[in-house]
Amino acid sequence: MNQEHPRLKRVSALLCDLDGTLIDSAGILGEAYKGAFRAMGMSDVLNKFVFEISRGWDSGRYGREYGVTPSQMEEFRAAYRRELNRLYCGGDPACLPRLFEGTKELINMLEIKQIPWAIVTANEAGMAKAV
């Protein structure tokens with residue numbers, strides 16, 4: 001970002017979503033769902049569904065679609081959160097999602113210009129910090 005966009009002169013703060021906005025996390029979200037199903041002793045979800053489902057389906061709907069009963073839902077969501085935490089924060093750099101092109105430059109520019117910014121996400125705070 002060598003040249004500042006004219007609209008940035010009017011920016012006083014920036015809020016960004018994490019998944020699908022700053023990072024390419026579709027694969028990790030899909031793997032977390034698959035891990036949750038494995039932890040529940042259920043069959044793996046077919047790979048062709050992972051991308052579609054990881055772009056906006058909540059764990060409750062996803063679980064119901066693939067056979068998680070209401071009495072199992074809390075356990076399923078906990079397994080999903082554990083798996084997501086392991087994939088994001090488990091220390092394996094290969095598992096961390098990749099930043100979309102321009103993300104690092106945008107954040108650097110915001111810092112230089114002292115423009116407050118934050119990440120909003122439905123994930124745990126550790127997920128954003130890992131990125």
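This is a predicted model: local features need pLDDT of at least 70, side-chain atom pairs count only at pLDDT 80 or more; totals for chains, interfaces and linings use all residues.
## Confidence of the model

The protein averages a pLDDT of 76, and 68% of the residues score at least 70. Among the elements, strand E4 (residues 117-120) has the highest mean pLDDT, 90, whereas helix H2 (residues 47-53) has the lowest, 48. Over residues 47-51 the pLDDT stays under 50, and for this stretch the model has six contacts beyond four places in sequence.

## Helix H1

Helix H1, spanning residues 26-39, has 14 residues and reaches 20 Å from its first C-alpha to its last, which is close to the 20 Å expected at 1.5 Å a residue. The helix is mostly covered, with 10 of its 14 residues buried; among them are Ile28, Leu29, Tyr33 and Phe37. Gly41, which follows H1, has a positive phi, near 75°.

## Salt bridges

The structure holds two salt bridges. In one of them, the side chains of Glu31 and Lys34 meet at 3.3 Å, N to O, and both residues lie in helix H1, three residues apart, about one turn of the helix. Glu31 is partly exposed, with a relative accessible area of 33%, whereas Lys34 counts as buried at 7% relative accessibility.

Glu83 forms a salt bridge with Arg86, their closest N and O atoms being 2.6 Å apart. These two residues, Glu83 and Arg86, are three residues apart in helix H4 (residues 73-89) and are thus separated by about one helical turn. An α-helix has 3.6 residues a turn, so residues three or four places apart point the same way. Here Glu83 is buried, with a relative accessible area of 15%, while Arg86 is partly exposed at 45%.

Note on methods: Residues are numbered from 1 along each chain as its sequence is written. Side-chain values use heavy atoms; hydrogens and water are left out. pLDDT is the predictor's confidence in each residue, from 0 to 100. Helices (H or I, at least four residues) and strands (E, at least two) are DSSP runs, numbered from the N terminus. Contact means heavy atoms within 4.5 Å. The expected span of a helix is 1.5 Å times one less than its number of residues. Buried means under 20% relative accessible area, exposed over 50%, partly exposed in between (1.4 Å probe, protein chains only). A salt bridge is a side-chain nitrogen of Lys or Arg within 4 Å of a carboxyl oxygen of Asp or Glu.
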